Amino acid sequence: MAIASPSAPRFSSFCCCRVGSARAAGSVGTVGLLPPIHTRFPARKLTLYSRLDSSSSASSNDPDGELRYELQHGVPTHPHPHRRGTPVFVTLPVDAVSSPSGQMTRKKIMKHSFTALKTMGVEGVVMEVWWGLVERESPRVYNWQGYLEIVALAKRIGLKVRAVMAFHQCGTGTNDPFWVPLPKWVLEEMEKDPDLAYSDRFGRRSLEYISLGCDVLPILHGRSPVQAYTDFMKDFKEIFKAFLGTTITGIQVGMGPGGELRYPSCPPKKLTSAWRSRELGEFQCYDRYMLASQNACAGEVGMREWANGGPIGASSLMHDPESTEFFRSDGSWNTAYGDFFLQWYSGMLLLHGERICKEAESIFRGFEVDLSGKVAGIHWHYGTPSHPSELTAGYYNTSIRDGYLPIARMFGRYRFTICCPCFEMKDAHEQKINPVSSPEGLLRQLLLAARFCYLPLVGENSATSLDDQSFEQVLKMSKFYSDGLETPYFSFNFVRMDKHFFDTRNIASFTRFVKQMSDTNNIRAKLSFGDGDMRVSSSSSGAAANMKAVFA
């Protein structure tokens, strides 16, 4: 497919350069705004300077808040003090703030639920701050009212808050009760220029998130998407300044669909069951902005035949990888062309993450808040050589290449925590449905990358499961991350509070889990969940009784 418009911008924000002869040797390196993407760190020692928060833990020799730290082989020093136990947070319902009014919903019930969470030993709540609600009608016109009410309530109850900067669509469509689209004025611009949306080779557009191909182009009323995200975070900082570092202790910055650093390779309606249907996903590189970047890169390496879209022979969503020319075991993913395309495609995603991390770090510098970014748990082809569903999502991770270490290194450069899902999932269960799935294998790789880069870690569940076996698995995987680290920092977000959360049995199971997580001497690979002597306090069970009708 050729670029549809002659006015497509001519730029090379991420390009590949020739290393020797691409045609002869098949060796393609990466240059541009990102450092080279390798699976090994450079041997030289790199010293960086970064302004940290103004806490008393900062060096007394740095009165201006400048703390010198070293990156030996690209690994940052640990920014977090050692904490006893593992704090547990609970993600609030999607409709905690109503659409379109932007008001906090069910205020009395929410107060009871916060009280119950506090009694259960929960550290705090995760609050998704939707771009499509706050800046809904007009650019730079923000309505934070509902979120201010939530934070104020959390402060009164004594809970901490993690705020998620949600720059993506929520839900699958207008019939979804939890539907939150992108801001109206953004969607209007996407109607005028459909190439602001990601597109696959069939011309299907995704409105979940603005295409990263136009990250730095002034396509939103004179602002670029990155500038719009930056202005949103700056206004959040000004409005919530009194709470930052005290009540608000964490900020997760959305970087793609679902808030994750990835491409929308599977439609949201299919993503929830993609591992069961084994969907390959589709490369999202057919809008004219992505094509312009790819074409420039192909020109740089002197291989113009590698331009104009994704790989031929990647087949469709539902095909078996072994029946495709690109993804099969001996397919073209493992050729000079495949390496070129996947380096560029994943490199563009890394560049997008780097831009957002850089802006967020600058905005919240000086506040004692943990910044984090989330990666997706795309595990349903982990047992194949090419890992096709990871490749289409933007993770150049195969049986012969580590695609998550570059992401961990990028987060480390900006002192970000990495957020990983799938903590409750077991291979034994998933492989009954899909033999090549391996959520445990994928998660272990992510955890090893975090450990290698000494990144703090936030774990999440991928399905709302409150059974003891799921909590046991969370404890097992948290131990895998923490074992042997001198000062590990691990926390867990339970996703999410719903109509079943406050059932009596679920409350008892969850309270046992929170207690296990908070006790550093009691985290075991094998837990003893059951009736035991664990009792739920009368205050939490009483509050829970008031909650059961809340989410019905």
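## Reading the model

Helices (H or I, at least four residues) and strands (E, at least two) are DSSP runs, numbered from the N terminus. What you see here is a predicted model, in which local features need pLDDT of at least 70, side-chain atom pairs count only at pLDDT 80 or more, and totals for chains, interfaces and linings use all residues. Residues are numbered from 1 along each chain as its sequence is written, and side-chain values use heavy atoms, with hydrogens and water left out.

## Helix α15

Let's begin with α15, which is followed by Gly484, a residue whose phi is positive, near 90 degrees. At the start of α15, a side-chain oxygen of Asp467 comes to within 3.2 Å of the backbone nitrogen of Gln469; a polar contact is a pair of N or O atoms within 3.5 Å, and within protein one must be able to donate a hydrogen and the other to accept it, while residues adjacent in sequence count only if both atoms are side-chain atoms.

Buried means under 20% relative accessible area, exposed over 50%, and partly exposed in between (1.4 Å probe, protein chains only). Among the buried residues of α15 are Phe471, Val474, Leu475, Met477 and Tyr481, along with the polar Asp468 and Glu472. Their cover includes α14 (439-452), β13 (457-460), β14 (490-494) and α16 (504-518).

## The barrel

Eight strands form a closed barrel in the order β5-β6-β7-β10-β11-β12-β13-β14, with parallel pairing. Two strands pair if DSSP finds at least two bridges between them. Strands β10 (residues 248-253) and β11 (residues 370-374) run parallel and are joined by three bridges, and Gly250 stands opposite Asp370 in β11.

## The nonpolar core

A nonpolar core is a set of buried Ala, Val, Leu, Ile, Met, Phe, Trp, Tyr and Cys residues joined through side-chain atoms within 4.5 Å. The largest one has 144 residues, of which Phe236 and Phe510 touch the most other members. Helix α10 (residues 336-363) gives the most to this core, with 13 residues.

Contact means heavy atoms within 4.5 Å. Leaving aside residues up to four places away in sequence, Phe510 touches partners including Val88, Met120, Leu466, Phe471 and Phe494.

## A buried aspartate

Asp193 lies in the loop between α5 (184-192) and β8 (197-199). Asp193 counts as buried because its relative accessible area is 16%. Not counting residues up to four places away in sequence, Asp193 touches Arg288 and Tyr289.
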